[in-house]
Amino acid sequence: AANTVYYGVAHVRRPAIEYTDSHLNQLWESYFNGDDKQMIDFFYEDREDALRRATALDKRIVTDAQAVGGESYVKVVSAALRQAYGGIEMVGTVNRPWMMLKEISSDGNCQTVDVIYPHFPVQLYLNPTLLKYLLDPLLDNQEKGFFPLKYCMHDLGSNYPKCIGHQDGHQEDMEVEESANMLIMMSAYVRATNDTEFAKKHYKIAKQWTQYLVDHGLITGNALTTDDFLGKIVNSTNLSAKAIVGIGGMAQLAEVTGNDADRQHYRQIAEKYVTEWIRLGEDPSNKHMKLSYNKANTWFMIYNLYADVLLNTKLVPESIYKQQDEWYQQVMNVYGLPLESGQPDTKYDWIMFTAASSTNTKLRQSLFDRTAKWLRETPTRVPFSDCVNTITGASPRFLNRPVIGGVFAPLTIKH
């Protein structure tokens, strides 16, 4: 008769993280008083329960994904889940658990804000508390004054697991990008959990970052976006969309904490900015938004509209969504929607953000189907690449990154 043999792999690293003002161990140590053998025994004895939990999780995801985008979308999330969680680990203590993230492939940065941002839909969908555990280290570091600048820091350190921050202020600056990302994720977390204490606790720094967006979010100038491989973009239309929704997110944080004057103030600014944004950002053809305010006859995937839909800020008018949806169908390639005009490359995290915020069922299904087709046909044999050529299917850069959690974005929206 066949025998079943169990293998376990344990990974112990002490300390797990070098933080700016302390060392942090892996979270399990706090549960087992640092006793490796106890941990291994527990892990082994838990195997049947663990399998039951895993099967229940699989079933939940497959059922939800099937309802949103059929078999194609099931394939996409199935290929992404393990990778999304492969780049994170739990550290700290039972009383203060943190989740740390390594950027992977693009570089080895720790807790990169604009990698957490494309990653966060998977946490929001499965367990929003884990999103808080990802944001906490960044909030802690900046609230303690370890970062000298007014906007949000880019990452907690250039080389994981040395998460020692940037006390000298020298880093890869994404001033508008990261400040808006944090505000959007903070508001998304509070909306999902009603954790008003969190909103109160971090209200001061949220206001600080919002002020930066009020000053620099509509006209961003020569700035890096999360798509830093494109270099700096002058007055990126997509980046400003994120900044405006970030200000709208602050209005929501003001609302749940009872700061009504702030709520009104930020909401009015966001509404005023949207009107300007359309005037500056719409192409003269009236068929799509431009890549940049300064360049006619260009377009970009305005994936930052996802935040407007997710937070239900309703800042961007329906007509813009409709217009974008129609345009995207005209510029589609075999393996999906390119990121920008004149280039074949795309990002699958942003494609799924776009699918999530689209109300056009035909476009959504096309994005799911083409992504699944790429997974089947790509000539590049690497872990789920988020950046691919939509014509050849090759992956020019980036593999195995936690940003792939972004493909869960359609599961975070109730259509």
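Predicted model: local features only at pLDDT ≥ 70, side-chain atom pairs only at ≥ 80, totals over all residues.
User: Thanks. So is D46 buried or exposed?
Analyst: D46 has a relative accessibility of 16%, so D46 counts as buried.

User: Which residue forms a salt bridge with D46?
Analyst: That would be R53. The closest N and O atoms of the two residues are 2.8 Å apart.

User: How many salt bridges are there in the model?
Analyst: The count comes to 25. One of them joins R13 and E89, with 2.6 Å from N to O.

User: Where do R13 and E89 sit in the chain?
Analyst: They come from distant parts of it: R13 is in the segment before β1, while E89 belongs to strand β3, residues 88-92. The two are 76 residues apart.

User: And how accessible are they, R13 to start with?
Analyst: R13 is partly exposed, at a relative accessible area of 22%. E89 is buried, at 16%.

User: What about D262, which lysine does it meet?
Analyst: D262 meets K207 in a salt bridge, 3.1 Å from N to O. D262 lies in helix α10 (residues 260-281) and K207 in helix α8 (residues 203-216), so this pair ties together parts 55 residues apart in sequence.

User: Is D262 buried or exposed?
Analyst: D262 is buried, with a relative accessible area of 14%. K207, at 30% relative accessibility, counts as partly exposed.

User: Switching to strands: what order does the open sheet have?
Analyst: Its three strands run in the order β2-β1-β5, and the pairing is mixed. The edge strands, β2 (22-24) and β5 (162-163), each pair on one side only.

User: In what sense do β1 and β5 pair?
Analyst: Strand β1, residues 17-19, pairs with β5 in the parallel sense over two bridges. Within that pairing, Y19 has C163 of β5 as its bridge partner.

User: Last topic, the domain record. Which residues does UniProt list for it?
Analyst: An unreviewed UniProt entry lists residues 70-410 as "domain: Glutaminase A central".

User: How much helix and strand is there over residues 70-410?
Analyst: That stretch is 51% helix and 6% strand, and its end C-alpha atoms are 12 Å apart.

How values were computed
Residues numbered from 1 in each chain as written. Heavy atoms only, no water. UniProt positions renumbered as here; feature names shortened; annotations may be inferred. Helix = DSSP H or I, 4+ residues; strand = E, 2+ residues; numbered from the N terminus. Pairing = 2+ DSSP bridges. Salt bridge = Lys/Arg side-chain N within 4 Å of Asp/Glu carboxyl O. Buried < 20%, exposed > 50% of the residue type's maximum accessible area, 1.4 Å probe, protein only.
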